[in-house]
Amino acid sequence: MSQVLQQLSDVLESRKLAAPESSYVASLHAKGLNKILEKVGEEATETILAAKDAELTQEKAELIYETADLWFHTLVMLSHLDIKPQSILDELARRFDLSGLEEKASRNKE
């Protein structure tokens, strides 16, 4: 796992039990999964809009910024559910030798 991802994962884990008034992440955990999911959805929408703008203007800074927010809030969600980022990386690695069409077809059979 990348050093940045590992460091962020460690920080997110440490903030799960922190006082909500001491940390944004702790406040999200205190508000519960629905609030975290609301933030993931909000950031996903902002990322989509930034991607549309980037296609039109070729300016990618806002897309990078919004994608970072999306990834961050997704990592908070995973942390809340006790899922380590390495689990996601492992799943991506598992798919490496599959074509996208094969992987999708395998999900439909389960």
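Does Asp82 count as buried or exposed, and at what relative accessibility? In this predicted model, Asp82 counts as exposed, at 58% relative accessibility, and the sections below place that residue within the chain as a whole.

## Overall architecture

The chain has six helices and zero strands, so that, read from the N terminus on, its elements run α-α-α-α-α-α. Along its principal axes the C-alpha trace spans about 45 × 40 × 30 Å, and the accessible surface comes to about 7800 Å², of which 60% belongs to carbon and sulfur atoms.

Of the 110 residues of the chain, 25% count as buried. When contacts between residues at least 6 apart in sequence are considered, 57% of them join residues that are at least 24 apart.

## Helix H4 and what covers it

Helix H4 takes in residues 61-80, and its 20 residues reach 29 Å from the first C-alpha to the last, which is close to the 28 Å expected at 1.5 Å a residue.

## The packing of H2 against H3

Helix H2 (residues 24-31) and helix H3 (residues 33-57) pack at an angle of about 120°, with their axes 5 Å apart, and the two helices are therefore oblique to each other. On the H2 side the contact is made by Tyr24, Leu28, His29 and Lys31, which meet Lys35, Ile36 and Lys39 in H3. Sorted by class, this contact of H2 with H3 has three nonpolar, one polar and three charged residues.

## His29 as a meeting point

His29, placed in helix H2, is buried, with a relative accessible area of 9%. Once its neighbours within four places in sequence are left aside, His29 is in contact with Leu12, Arg15, Lys16, Ile36, Val76, Ser79 and His80.

## Two loop residues with positive phi

Gln58 is found in the loop between H3 and H4, and although this residue is not a glycine, it has a positive phi of about 65°. Gln58 is exposed, with a relative accessible area of 55%.

Asp82, the residue of the opening question, has its place in the loop between H4 and H5, and H4 is followed by this residue. Its phi is near 60°, a positive value in a residue other than glycine. At 58% relative accessibility Asp82 counts as exposed, because the cut-off for that class is over 50%.

Note on methods
Residues numbered from 1 in each chain as written. Predicted model: local features only at pLDDT ≥ 70, side-chain atom pairs only at ≥ 80, totals over all residues. Heavy atoms only, no water. Axes fitted to C-alpha atoms, helices over the stretch in contact; angles between N-to-C directions. Helix = DSSP H or I, 4+ residues; strand = E, 2+ residues; numbered from the N terminus. Parallel < 35°, antiparallel > 145°, perpendicular 65-115°, else oblique. Contact = heavy atoms within 4.5 Å. Nonpolar A, V, L, I, M, F, W, Y, C, P; charged D, E, K, R; others polar. Buried < 20%, exposed > 50% of the residue type's maximum accessible area, 1.4 Å probe, protein only. Areas by Shrake-Rupley, 256 points an atom, 1.4 Å probe, with all protein chains shown as cover. Expected span 1.5 Å × (residues − 1).
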